[in-house]
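Trainee: I have a new model open. Can you walk me through it?

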Amino acid sequence: MLNKLVDYIKNNHPDTDVNVYLDAKYIQLNNAQLKQIADALERGDISSLPASSCSANHFIFHFGSTFILVQKNTTDSNAVFTAELAWETDFLSVRSVRDKAKGFYFINFEFDDDYQVTLLETNKLIEGHVNNADKNQKIIGKVMPVLKGFMTAISD
């Protein structure tokens, strides 16, 4: 599925450096693993650690039809990590090499040590689709607990 995302980016956003995706450590979780993280969070088995405790610098977190490219933030911002969520959707890709291909919906964001999210602008838009900040915030709100649990689990 990562190849599908990389091909989509190459075909629809040629100015994007796909090496950022290709050079990142790739981690895919199945539904049972996601449930295990969710259950551990709910029971309190995973104690929340600050995002800066996660020693990973650059990785792709993949579950279901969602990819999250996570990178340590190197700017002067309070954010510890920047991220780009890519979610496979039924919106058609107008410039895709294949007819009736699924597209990807992108949401860029950053988060601080407490996993508080700030949405960022993205130039990877699906033609004719309106980018809705409230909808994006809800999507990120659903994936952050899993990402937080995963990052806490792999923290030193």
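Mentor: We will go through the strands, then the cores.
Mentor: This is a predicted model, where local features need pLDDT of at least 70, side-chain atom pairs count only at pLDDT 80 or more, and totals for chains, interfaces and linings use all residues. Residues are numbered from 1 along each chain as its sequence is written, and side-chain values use heavy atoms, with hydrogens and water left out.

Trainee: Why is strand β2 largely enclosed by the rest of the structure?
Mentor: Because 5 of the 6 residues of β2 (residues 58-63) are buried, meaning under 20% relative accessible area with a 1.4 Å probe, protein chains only. Strands here are DSSP runs of E, at least two residues, and helices are runs of H or I, at least four, numbered from the N terminus.

Trainee: How do β1 and β2 run?
Mentor: Parallel, with 5 bridges joining β1 (residues 25-29) to β2; strands pair if DSSP finds at least two bridges between them. K25 has F59 as its bridge partner in β2.

Trainee: And which sense for β2 and β3?
Mentor: Antiparallel, over 6 bridges, with β3 spanning residues 66-72. F63 stands opposite T66. Their hairpin has 2 residues between the strands, and G64 takes a positive phi near 55°.

Trainee: New topic. Which residues have the most contacts inside the largest nonpolar core?
Mentor: F61, I68, F111, L147 and M151, in a core of 28 residues. Such a core is a set of buried Ala, Val, Leu, Ile, Met, Phe, Trp, Tyr and Cys residues joined through side-chain atoms within 4.5 Å.

Trainee: Which element gives the most to this core?
Mentor: α4, with 8 residues.

Technical notes
Buried < 20%, exposed > 50% of the residue type's maximum accessible area, 1.4 Å probe, protein only.
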